[in-house]
Amino acid sequence: MTMGTSAVLAGLGAWLPQRVVDNDELARRLETSDEWIRTRTGIRTRHIADPDISTVDMAVHAGSAALRSAGSDVVDALVLATTTPDYLCPASAPQVASELGLSGIAAMDVNAVCSGFVYALATAAGLIAGGIAGRVLVIGADAFSRLCDPDDRTTAPIFGDGAGAVVLRAGTRDEPGALGPFDLHSEGEHAGLLIVPAGGAKQRRSDDPREHFVSMQGTAVFRHACARMTESTRALLDRAHLSVDDVDRFVGHQANIRILQATAKHLGLPEERLVVNIGHTGNTSAASIPLALADACEDGSLRPGHRVLMTAFGAGLTWGSTLLTWPDVKPGSPR
Ligand code: COA
């Protein structure tokens, strides 16, 4: 971020669909087991949105909670990180803004898949640093279960649905809640590692229904995730003139508990500083980091004054990280 204005976290919200699907339920229709899913991924249950709940609905719930937490409905812009917008066209952010009573503000979607929330934070911080917006609502919302073939045991157990949000306001670099620096990257040559081949502009329809669902090369994704989140964390800490010992809470994208543990090991970070909620959420893509922040606030493991490092990795490939000192902010209740 340039001199002067910084983006400061001023509100937090989270929302999960009511329906909880446990591993035994999946094991009744897929060739898998609770034991396999738990030990290979750390996931016990995930929330799945009923068919009448869309990404916009989830984003509105989480967004309203973040506005309530911030104590004000006033924002100038909304950035929605999602890979599962309600429509291919238009983007979902304008509809979310409208349903929150914010019609008229700047609103756009950002798609960086599971890194979406960190990318959306960077986008919003840029709007604030550039003087384009004074307060921005940043939402990460994904109904990723809609992209999973229910008969594919390699993806269906991993992903869940949900939404999380923060309010950012203009402030100064040295106050609690100030975000930055940022570290963002991509490598499009690995797009095929996690992809939904059909349904986009390149191939609107495929005769093979499986091409309309996500396919994933799990082992390669696992390796990239560990390496990239480790690299990005180191680069960010270097830029901030900090060391791993200065990180009180490490909020990594909740893709697999073994990815988080391996990353912590590479970094020399004690495991008790990891924020982990994947056990009850699964991988919620762009919602993962704000949902983890909200859970950690609720259970008391994240407290004002903690230095928090957030790092994410996703399809694209994309990855990135940022830092803040946790301010006196608690999750608001959804409307
Ligand atoms: N239940 C039982 N067995 C399963 C299974 C399931 N749900 N899914 C895969 N298997 C099988 C495989 O078919 C394979 O069998 P084989 O040895 O007979 O070929 C075996 O388990 C091992 O598969 P592998 O893919 O090597 O396992 P893994 O240890 O790499 O774990 C993932 C698989 C998907 C959990 C892991 O690779 C992973 O988490 N990858 C990253 C996924 C991710 O984070 N994606 C989102 C990124 S943002």
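UniProt, in an unreviewed entry, lists residues 108–188 as "domain: Beta-ketoacyl-[acyl-carrier-protein] synthase III N-terminal". The model described here is predicted. In it, the end C-alpha atoms of residues 108–188 lie 22 Å apart. The span is 17% helix and 36% strand.

**The aromatic pair**

A search of the whole structure finds 1 aromatic pair. The ring centres of F144 and F159 are 4.4 Å apart, and the planes meet at 25°, so the pair counts as stacked. The cut-off for stacked is under 30 degrees. Both residues sit in the loop between strand 6 (135–143) and strand 7 (161–172), 15 residues apart.

| Residue | Relative accessible area | State |
|---|---|---|
| F144 | 2% | buried |
| F159 | 1% | buried |

**Helix 3**

Helix 3 covers residues 55–70. How far apart should its ends be? At 1.5 Å a residue, its 16 residues should span 22 Å. The end C-alpha atoms are 22 Å apart, which agrees.

At the start of helix 3, a side-chain oxygen of S54 comes to within 3.3 Å of the backbone nitrogen of V56. Just after the helix, G71 has a positive phi of about 75°.

**The nonpolar cores**

In soluble globular proteins, nonpolar side chains tend to be buried together. Here the largest nonpolar core has 41 residues. Those with the most contacts inside it are L121, V138, L168, L293, M310 and W326.

Which elements give two or more residues to this core? They are strand 1, strand 4, helix 5 (116–129), strand 6, strand 7, helix 9 (288–298) and strand 12 (307–314). Helix 5 gives the most, with 10 residues.

Take L121 as a close-up. Leaving aside its neighbours within four places in sequence, L121 is in contact with V138, V166, L168, L179, F182, M310 and T322.

A second, separate core has 25 residues. V56, A59, A143 and A163 are among them.

Definitions and conventions:
Residues are numbered from 1 along each chain as its sequence is written. This is a predicted model: local features need pLDDT of at least 70, side-chain atom pairs count only at pLDDT 80 or more; totals for chains, interfaces and linings use all residues. Side-chain values use heavy atoms; hydrogens and water are left out. UniProt positions are given in the numbering used here, feature names are shortened, and annotations may be inferred rather than shown by experiment. Helices (H or I, at least four residues) and strands (E, at least two) are DSSP runs, numbered from the N terminus. Rings of Phe, Tyr and Trp (its six-membered ring) pair if their centres lie within 6.5 Å; planes under 30 degrees apart count as stacked, over 60 as edge-to-face and the rest as tilted. Buried means under 20% relative accessible area, exposed over 50%, partly exposed in between (1.4 Å probe, protein chains only). The expected span of a helix is 1.5 Å times one less than its number of residues. A polar contact is a pair of N or O atoms within 3.5 Å; within protein, one must be able to donate a hydrogen and the other to accept it, and residues adjacent in sequence count only if both atoms are side-chain atoms. A nonpolar core is a set of buried Ala, Val, Leu, Ile, Met, Phe, Trp, Tyr and Cys residues joined through side-chain atoms within 4.5 Å. Contact means heavy atoms within 4.5 Å.
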